[in-house]
Amino acid sequence: MGPSARLPGTAARDRIVAHIDMDCFYAACERLREPALRGEPVVVGMGYEPGTDSGAVATASYEARAFGVESAMALSEALELLPRKVDVAGSDHPVDEAGFYRPVDMPFYESVAAEARTLLHERAGTVREVSIDEAYLDVTDRTDWEAAGAFARDLKSAVTDEVGVTASVGVAPTMSAAKIASDHDKPDGLVVVEPGEVADFLAPLDVEAVHGVGPVTAGELRTLGIETAGDLAAADPSVLTDRFGERGRQVHRFARGADDRDVEPRGRPKSLSRESAFTEATADPDRQVDRLRTLADGVAERAKGRDVLYRTISIKVVTPPFDVSTRARSLPGPVADGELVAGVAEELFAEFLADPVRKLGVRVSNLSFADGEQPSLAQWTDPARDEHGRNPTDDGQRSLTEYD
Ligand code: TTP
Ligand code: MG
């Protein structure tokens, strides 16, 4: 059905939305500059130093995932599932049961992502970048439903030829269905869900696939006998609103394929953050500080890759059962200094040290961008700040609500 051929009674805004997500992105970038890694199990570690077992898995190639390695896993655990190539040379391990481990290199990944972004903007009028390797495109004015499959195939080839990594693409009349479609046949996937097919496409999927349904909500829905998106679509909306409020109504709509959000371009980020949960709450100060430093390094690297300076550093600490505390400190002027992020994070964490901790997060905010206006000198001589450059009103007791 072409965009002009609208059935009577269907929404006036007949959109064609594409969602694109690169496959095992950091690992794909590593393969780009090291072709010997192609077809091999590759693990990219955040906070990983070659030869050690420190850090956590940022991503793993699909060959490494076959060994059970996955994002956010401790690197030491990944090494148990998939030994390092170099460790097994000359040992009894067959060499094909070992993998390559590489540390995160954000500036390089950002440069690859920037190439991909340029290409996406050439091929779609409206692009909403969601993360380093993921975006929504409104391609309503570039194709129609008959040609949508060919359009998406072409987009994928362009990414492979011009950027050198593979991507999965989903095309659908709504953002939420497009996202689910791009994830449906990963890696190198291409799934088109035409208008009128959305409800049937969603119905057999696990309820957790529905936008807005996280693991906790999914668990509660299952206790109500709602296992699939189809069950959710068929559920009595008043039962859902009684139990989940307005959100119940929303996930019910999403499960039925109703999603009237427009693809809107994103402004600049207000902050950059990373967080990570321990498998079990830990009171071990070494593990806590180690994780905090890994997160701080990750955030600083991300900022460096984006040419961003920051002025506020904050941490988030989740203690059992689910108590969330945040602490922040502002510096006298914008900086890009990973060691400083780690140092400040550690100082802010001192009051929690050796408490049982479930989850940690590090954030930088008050960002300035290299291409934007420079910070004024006044910020350096702000009388509201003491000689250490600390803002007495920002004494670490204030809680930041915009943490995600
Ligand atoms: P994802 O798109 O979630 O993962 P991916 O591209 O590696 O794999 P997939 O084929 O399933 O899309 O995230 C993009 C990048 O973000 C990923 O390559 C590494 C980074 N990342 C982390 O650093 N930590 C994480 O926990 C996750 C999920 C991703
Ligand atoms: Mg991806």
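Axes of helices are lines fitted to C-alpha atoms over the stretch in contact, and the angle between two of them runs from 0 to 180 degrees between N-to-C directions. Two packed helices are described by the angle between their axes and the distance between the axes. This report applies these terms to a predicted model.

**A pair of helices**

The axes of helix H5 and helix H6 (residues 148–163) come within 10 Å of each other, and they cross at roughly 145 degrees. The crossing of H5 and H6 is right-handed. On the side of H5, the contact is formed by Val112, Glu115, Ala116, Leu119, Leu120 and Arg123. Helix H6 contributes Phe151, Asp154, Leu155, Ala158, Val159, Glu162 and Val163. Sorted by class, the residues of this contact comprise nine nonpolar and four charged ones, with no polar residue.

**A sheet and the helix that packs on it**

Strands of a sheet pair through backbone hydrogen bonds, either parallel or antiparallel. In this model, three strands form an open sheet in the order E3-E2-E4, and their pairing is mixed. E3 and strand E4 (100–103) are the edge strands, each with a single partner strand, so one side of each has no neighbour in the sheet. On average, neighbouring strands of the sheet are turned by 35 degrees against each other, direction ignored. Strand E2 (residues 42–46) pairs with E4 in the parallel sense, over four bridges. Within this pairing, Val43 stands opposite Tyr101 in E4. Helix H1 packs on the sheet and touches E2, E3 and E4. The direction of H1 makes about 115 degrees with that of E2.

The largest pocket is lined by 49 residues; Val130, Ser131, Ile132, Asp133 and Arg302 lie nearest its centre. Elements that each supply at least two residues of this lining include strand E1 (17–22), helix H1 (25–33), helix H5 (106–123), strand E5 (126–131) and helix H13 (285–305). Strand E9 (271–282) is also one of these elements, and E9 gives the largest share of the lining, six residues.

A search of the whole structure finds one cavity of 30 Å³ or more. The residues that line the largest cavity include Ile20, Met22, Ala113, Ala116, Leu120, Ser131, Ile132 and Asp133. E1, H5, E5 and strand E6 (134–138) are the elements that give two or more residues to this lining. Its largest share, four residues, comes from H5.

**Particular points in the backbone**

Where are the cis peptide bonds described here? One joins Lys186 and Pro187, with omega of about -10 degrees. Pro187 lies in the loop between helix H7 (175–183) and strand E8 (190–192). Another cis peptide bond joins Pro320 and Pro321, where omega is about 0 degrees. Pro321 belongs to the loop between strand E10 (308–319) and strand E11 (323–335).

Cys24 is found in the loop between E1 and H1. Phi of Cys24 is near 30 degrees, which is a positive value in a residue other than glycine.

Note on methods:
Residues are numbered from 1 along each chain as its sequence is written. Chains are lettered from A and ligands numbered from 1 in the order in which they are written. This is a predicted model: local features need pLDDT of at least 70, side-chain atom pairs count only at pLDDT 80 or more; totals for chains, interfaces and linings use all residues. Side-chain values use heavy atoms; hydrogens and water are left out. On a 1 Å grid over the protein atoms alone, a cavity is a set of points where a 1.4 Å probe fits but cannot get out, and a pocket is an open set with protein on both sides within 12 Å along at least five of seven lines; lining residues have an atom within 4 Å of a point. Two strands pair if DSSP finds at least two bridges between them. Contact means heavy atoms within 4.5 Å. A crossing is left-handed if the near helix is turned anticlockwise from the far one by less than a right angle, and right-handed if clockwise. Ala, Val, Leu, Ile, Met, Phe, Trp, Tyr, Cys and Pro count as nonpolar, Asp, Glu, Lys and Arg as charged, and the others, Gly among them, as polar. Grid points are joined across faces, edges and corners, and a volume is the space filled by probe spheres set on the points.
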